[in-house]
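Thanks, everyone. Please keep the viewer open while I talk.

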Amino acid sequence: MHYDFKKVEEKWQKHWQKTHAFRAQADPKRKKYYLLEMFPYPSGKIHMGHVRNYTIGDVASRFKTLEGYNVMHPMGFDAFGQPAENAAIKNKTKPGDWTRKCIKEMETELKKMGFSYDWEREVSTCQSDYYQWNQWIFLKMLERGLAYRKASQVNWCPSCATTLANEEVIEGGCWRCHTKVEQKDLEQWYLKITEYKERLLEDLSQLKDWPPRVLAMQNNWIGKSSGVDIYFRLENSDKLISVFTTRVDTIFGATYIVLAPEHPLVLDLIKGTRQEKEALEFIKKVASESKIVRAASDVKKEGVFTGSFAINPVNNEKVPVWIADYVLMEYGTGAIMAVPTHDGRDFLFAKEHKLPMRIVISPKDGSLKSAEELTQAYEGNGVQINSGEFNGLDNREAKTKIAQWMEARGIGKIQTHWRLRDWLISRQRYWGTPIPVIYCPACGIVPVPCQDLPIELPADAPFTGEGGSPLGKVKKFVEVKCPKCKANARRETDTMATFFDSSWYFLRFCSPKFKAGPFDVNEAKYWMTVDQYIGGIEHAILHLLYSRFFTKFFQDLKMVDFSEPFDKLLTQGMVLKDGEVMSKSRGNIVDPDSMIKNYGADALRLFILFAAPPETELEWEERGLEGAYKFLNRVWRIQENLKDDADPQVLKALHRTIKKVGADFSEFKFNTAIASLMELTNVIYQSGADKQVFSALIIMLSPIVPHFAEELWQILGHKESIFKTGWPKYDPQLLIEEKVELVIQVNGKLRSKIEVPCGISEDKLKELVFKDEKLAPWLEGKTPKKFILVPQKLVNIVI
């Protein structure tokens, strides 16, 4: 009997759609399970990264259904953003038309994969019934002082003609088009995420089931640093330079100061000096550089001397004041004390510019005395030297004592600084949520009344690809009356960053058609929090941080009673071909659609889960897909030779497999679960199977290959879906392994006895034998020549 995957997959996809098989409804009597993968940008075609991410989620969703959970598994589209505008210009169409076309294509492709989505819950962030609630959230933040407008220097992409958050600048270029990013002064809208910094940091401790790497990235981005603000007085002046350091134990080794080029004192310091021209050119050069690149540890640091000096307050030494690209105004005070002997960046900078160095912390063995000996900075712990009254102290103890000593003398203050900065959300583009604000000459900034929402995007905005937002060119959109005084006013033409849309979509899925608010509080109370969230490591900082921020804001509005949105997080690895990430530019894309046509969606699902654990990279190998297809056909043929009764050893193998696969599925170890199912299939081919054994095998395979399993289940005479049958239970009695005692001989002489399970493989037996401590005196320093096994009786090792 031939497995006709095209016919089977089409049949069950139609059946699932017709019967609303994956419709989720709140039921207080049942335990819920909310499974969510990060929703995609609608590019039109799904790629292997999508296939992997969503297959992982689908297996977990279907497994939880079999375990009896009330599962919600929704899907939607993160549909705003610059690429749609670029595509509209290129294809002479409108962003909305282009996006809706791409969404339809992606829906079709996702359905071909057999994913168990509740499509009735679908949301698209570009629809006004979604983005009106973006606007409502913004107005609530404005009410509470969490949304504000200020003039500041921003990252600007000249190609996209829009601002970029620091995190959207990758190696000095725009994350979308890779154009070199410039610095530009603009009035922008910000969200005061820094108001939540303590909670965002402290609540990381709640996230026990997040990858440690992601927690570390969040922790570093929030960046809480405890240290001391030290006051360096400028030579011959009363002006002070405040310098923040976490290493106050090294203050006696500070031999120069470095200011950020943007520091407010810089222009005064260089004015009229011999260095003024060089410094101004340097400042202009740095202004066009990305802050991400400037702060990177692997990029050469550049700087210029200002011509000024400052006084180190702990020893009254005169130290030169420099400006350098690696110091940023966004962190600390925009000024650092440089201790080249104990900081890697300072060491390289001092060597480059021949600046003085002094050791103030020496290893406890006293092996380091002279700065001339150093080939790199000594950043370890040790004993204070050249540090006045603190000499001889352990540097960790000295940190506290020096900080207190400086604070008592008014030359420093113990402080905490944070790396986290407020979130810039303004974008100068059309395809995004309009910011609901009106500018009135008399009343100033006026929020749009909630009853006037949504502020919809005009359909007739012109797209030329030239700078500035297309919204500013639509007169009927821009020219409005002030809601307060009814005078002529103008509407804000910036739109929101798309990360705003994705910061709360998981809540909208709980009640996607709710019209009285962003989400139905009661539905959210049942479904939230998300039990399992799945997505790429590239979203470890931005999306996850903003989602956590929004959740805490909703908690403050008393709309939710939890502080963290995602219980468990899995970050899947990328799909590679020939060792490189699949991409159009590399020409190594494998089209999922062609693989489905040749092998079927279930074979593709099986391969992508078997090829590697979810968290690691997966190397594409079409031969592996062929192997998956052959395995399915092998299982398919078992139905032709079913027995009336199963062999006892087959039953034991079955129950071991049920336990193992259930545990593996719970821990997302799909590759090892599949290996166990393949082993069971081999046992069945050796000893045969009855309907009970075959049924259990099909149920265990069903989360991985759902179309295939549904069809076999129906062939076996079942009328209901296989997913209503429940996960099979194992009998603990059948897991008890019978054991046999083996005699162990060395060169024919009895040296030990061990108990081993019946049927143990020779490789595992060897492992146990050579671990036996009783054999150590006879085998030490010798290489066994033969390993002779008499099954169930003895082993003879010949040396």
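I'll start with Lys558, which counts as exposed because its relative accessibility is 72%. Exposed means over 50% relative accessible area, buried means under 20%, and partly exposed is in between, with a 1.4 Å probe and protein chains only.

A word on the source. This is a predicted model, where local features need pLDDT of at least 70, side-chain atom pairs count only at pLDDT 80 or more, and totals for chains, interfaces and linings use all residues. Residues are numbered from 1 along each chain as its sequence is written, and side-chain values use heavy atoms, with hydrogens and water left out.

Back to Lys558: its phi is near 65°, a positive value in a residue other than glycine. Lys558 sits in the loop between helix H17 (542-556) and strand S25 (566-572). Helices (H or I, at least four residues) and strands (E, at least two) are DSSP runs, numbered from the N terminus.

Phe668 has a positive phi too, near 60°. Is Phe668 buried or exposed? Phe668 is buried, with a relative accessible area of 8%. Its loop runs between helix H21 (648-666) and helix H22 (670-687).

Next, cis peptides. Most residues other than glycine have a negative phi, and most peptide bonds are trans. The bond joining Leu453 and Pro454 is cis, with omega about 0°. From Met528 to Thr529 the peptide bond is also cis, with omega near 5°. Thr529 lies in the loop between helix H16 (521-527) and strand S24 (530-536).

Now the sheet. It is open, has four strands in the order S30-S29-S32-S31, and its pairing is mixed; two strands pair if DSSP finds at least two bridges between them. Strand S30 (749-757) and S31 are at the edges with a single partner strand each, so one side of each has no neighbour in the sheet. S29 (residues 739-746) and S30 run antiparallel, joined by eight bridges, and Leu742 is opposite Ile754 in S30. S31 and S32 form a hairpin with three residues between them, and Gln792 in the turn has a positive phi of about 70°.

Last, the helix pair. H19 (residues 601-610) and H20 (residues 622-636) pack at about 115°, with axes 8 Å apart. Axes are lines fitted to C-alpha atoms, for helices over the stretch in contact, and angles run from 0 to 180 degrees between N-to-C directions. Contact means heavy atoms within 4.5 Å. Among the residues that meet are Leu604 and Phe607 in H19, and Leu625 and Phe631 in H20.
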